[in-house]
Amino acid sequence: MTTPTRVLQVGAHGYGRVHLDNIAALGESGLVRLVGLCDPVPPAPETLAAFDGVPVSPELDALLAEQRPDVTIVATPIHTHLPLAVTALRAGSHVLLEKPPTPTLADFETLLAVSEETDRRCQIGFQSLGSAALAEAVDLVGSGTIGGLLGIGAAGTWIRDTAYYQRAPWAGRMVLDGRPVTDGALTNAFAHAVASALRLGGAERAGDVRRVELERFHAHPIEGDDTACVRLTRSDGLPIVVAVTVCAERTRDPYLILHGESGRITVWYTRDQLLVETGSAFPGARPVTDDAQSRARVLSRTNLLANLVDHLADPSVPLLSPSAGSHTFMRAMEEIRLDGPARAIDPRYYREEGTGQRWRPIIDGVDTVVARSAAELRLFSELGAPWAAGSPRDTTLPTRQGVSSPS
Ligand SMILES: NC(=O)c1ccc[n+]([C@@H]2O[C@H](COP(=O)([O-])OP(=O)(O)OC[C@H]3O[C@@H](n4cnc5c(N)ncnc54)[C@H](O)[C@@H]3O)[C@@H](O)[C@H]2O)c1
């Protein structure tokens with residue numbers, strides 16, 4: 001049996017609990033061991049129960065110097081990611097950094113530079129990139145199962161109430177105390193949809209995308225968006241459309257569609273499910289129906305921390321979510337940041353449900369518009385949603401010289 005990888009975690013509460021549970025589970029097989037926990041808010045005794053005597057401190061530098069972890073997990077608010085990740089990398093630790101990586105593209109470029117300069121890896125917490133359903137979908141397209149690839153669509157309809165936006169001061173904010181945060185439906189709640197769509201479209205790296213069209217709205221009283229869509233055009237013209245809302249009528253599992261000339265593949269990325277529809281079953285550009293998921297196959301998923309540990313032991317094992325692979329995601333996030341506060345939806349286009357912490361807006365017809373957007377690769381305004389009238393933010397980007405079709 002090999003020595004467990006020494007893991008330090010920054011951020012003990014909120015989503016950090018999920019990482020701690022994962023460390024405890026992987027610790028049982030001896031893969032990892034928690035050697036330090038950093039948070040200005042002391043963890044509850046029950047949080048520490050699984051980690052006998054683990055050092056806890058609000059000071060990351062001191063913990064890094066004393067514990068010398070192999071890997072540091074950063075699961076803190078978005079605007080704290082860069083300084084904490086850089087501190088860990090400079091202390092000689094590899095990093096598993098929660099998504100979205102940073103609030104700005106410039107911060108992300110700094111992260112990449114420090115990772116390279118320190119020769120330490122940085123895996124980004126897009127856990128859906130560990131799904132075998134994504135890898136299989138790419139293989140199926142490669143083997144011609146659905147004919148030529150025409151585009152990628154993604155749809156997300158969730159329900160979030162006031163409590164979601166009041167859980168932390170940075171929630172729903174574009175800027176907090178003068179610092180960019182860039183929190184929103186595309187950059188955070190459905191960040192996995194964007195990252196997974198880019199993986200399926202082979203368009204994750206710098207220079208892979210030539211155009212970004214963006215439409216962002218809010219019905220909650222927030223600065224960022226709760227309902228948004230983006231169309232990223234790959235350098236060879238392939239469209240990748242992601243449409244999402246947290247003001248839905250009903251919660252559904254979000255999904256990705258690979259549109260082919262003779263069929264389509266749908267992947268429910270939070271469930272590792274995959275459905276291939278070809279021949280007489282091929283629905284064309286019709287929206288995904290609720291019953292489709294019941295016909296899907298369930299595949300496996302590789303854990304991102306376990307993958308990082310495996311990669312460190314054997315570099316021939318590729319990282320599932322390497323930081324350089326978040327470049328197009330960050331390019332889209334930068335467009336969102338530069339777009340500024342989202343547009344308020346006129347209250348005549350939504351109804352309200354609940355009160356106090358349970359209050360939520362339900363935008364007229366949004367579930368259907370999101371599903372159509374992913375199925376037809378069109379933006380909300382192009383589908384005639386009355387609350388989305390107007391022009392998208394439209395940015396042309398430089399592409400890599402001599403690259404016509406990204407790998
Ligand atoms: N991968 C996923 O599916 C997923 C899901 C939810 C959240 N997240 C991400 O996880 C991160 C944390 O989200 P959250 O909702 O738990 O945030 P949060 O505001 O609840 O903060 C998490 C913890 O970080 C601590 N913290 C804040 N600043 C710190 C600092 N400077 N040093 C040490 N600890 C600090 C807080 O005290 C808190 O315990 C975000 O990046 C979020 O986007 C990822």
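Two strands count as paired here if DSSP finds at least two bridges between them. With that settled, here are the close-ups of this predicted model.

**View 1. The β14–β15 hairpin.** Strands β14 (residues 263-268) and β15 (residues 273-278) pair antiparallel, with six bridges between them. Look for R264, which sits opposite E277 in β15. Four residues link the two strands, and in this hairpin D272 takes a positive phi near 60 degrees.

**View 2. From β15 across to β16.** β15 also pairs with strand β16 (residues 297-298), again in the antiparallel sense, through two bridges. Here Q273 faces V298 in β16.

**View 3. Helix α4 under cover.** Helix α4 spans residues 81-90 and is mostly covered, with seven of its 10 residues buried. Those buried residues are H81, L82, L84, A85, V86, A88 and L89. They pack against β1 (5-10), β4 (71-74) and β5 (94-97), and also against the helices α3 (60-67) and α5 (105-118). After α4 comes G92, with a positive phi near 95 degrees.

**View 4. Around the ligand.** There are 24 residues around the ligand, and Y15, D39, H81, K99 and W170 come nearest. H81, one of the buried residues of α4, places a polar side-chain atom 2.9 Å from a ligand oxygen. For W170, a polar side-chain atom lies 2.8 Å from an oxygen atom of the ligand. Taken alone, the ligand would expose 850 Å², and the protein buries 81% of that.

Technical notes
Residues numbered from 1 in each chain as written. Predicted model: local features only at pLDDT ≥ 70, side-chain atom pairs only at ≥ 80, totals over all residues. Heavy atoms only, no water. Buried < 20%, exposed > 50% of the residue type's maximum accessible area, 1.4 Å probe, protein only. Contact = heavy atoms within 4.5 Å. Near = heavy atom within 4 Å. Polar contact = N/O pair within 3.5 Å; in protein donor to acceptor, adjacent residues only side chain to side chain. Areas by Shrake-Rupley, 256 points an atom, 1.4 Å probe, with all protein chains shown as cover.
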